[in-house]
Amino acid sequence: MGFFSKILEKLGFGEAKAAQAQPAPGATAGAAPAAAPKPMAMVDVVAQLEQKAAANPQKLNWRTSIVDLLKLLDLDSSFAARKELAAELGCPADKMGDSAQMNMWLHKTVLQKIADNGGNVPKELLD
């Protein structure tokens, strides 16, 4: 499982994808599906992260910081972990050499990929 998959799983995307991948009860191999798969429901990322931030004793701002976002999700936020995530998501080499630029790129890219997977990320965080 890749690092980004862990982010999706922490936000509840893993359960939805796992449910879609399961065959219908009583289905046999090669049998036609009874119905077309339902589109994945929108995951309320903002509500989840705001709730986690309110319950966290640290003052974490997931809206601007990749470190804070990872901390809220109880994931490794170390430089090595962020570098691994950046490499997984295809961070340009020139940004990988500058931790501040890598972090800014990573934050925007992670939010965009969450939105691409059905998360409700506010437009102002994606621009």
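Reader: What makes Ser77 and Arg82 contacts of Val67?

Author: Contact means heavy atoms within 4.5 Å. Leaving aside neighbours within four places in sequence, Val67 in this predicted model is in contact with Ser77 and Arg82. Local features here need pLDDT of at least 70, side-chain atom pairs count only at pLDDT 80 or more, and totals for chains, interfaces and linings use all residues. Residues are numbered from 1 along each chain as its sequence is written, and side-chain values use heavy atoms, with hydrogens and water left out.

Reader: How do you know where Val67 is placed?

Author: Helices are DSSP runs (H or I, at least four residues), and strands are runs of E of at least two, numbered from the N terminus. Val67 is placed in helix 4, which covers residues 66-72. The chain has eight helices and zero strands.

Reader: What is the C-alpha to C-alpha separation of Val67 and His107?

Author: Val67 and His107 are 8.6 Å apart in space, C-alpha to C-alpha, and 40 residues apart in sequence.

Reader: Why is Asp74 called exposed?

Author: A residue is exposed over 50% relative accessible area, buried under 20%, and partly exposed in between (1.4 Å probe, protein chains only). Asp74 has a relative accessible area of 62%, and is therefore exposed. Asp74 belongs to the loop between helix 4 and helix 5 (79-88).

Reader: How much of the chain counts as buried?

Author: Of its 127 residues, 35% count as buried.
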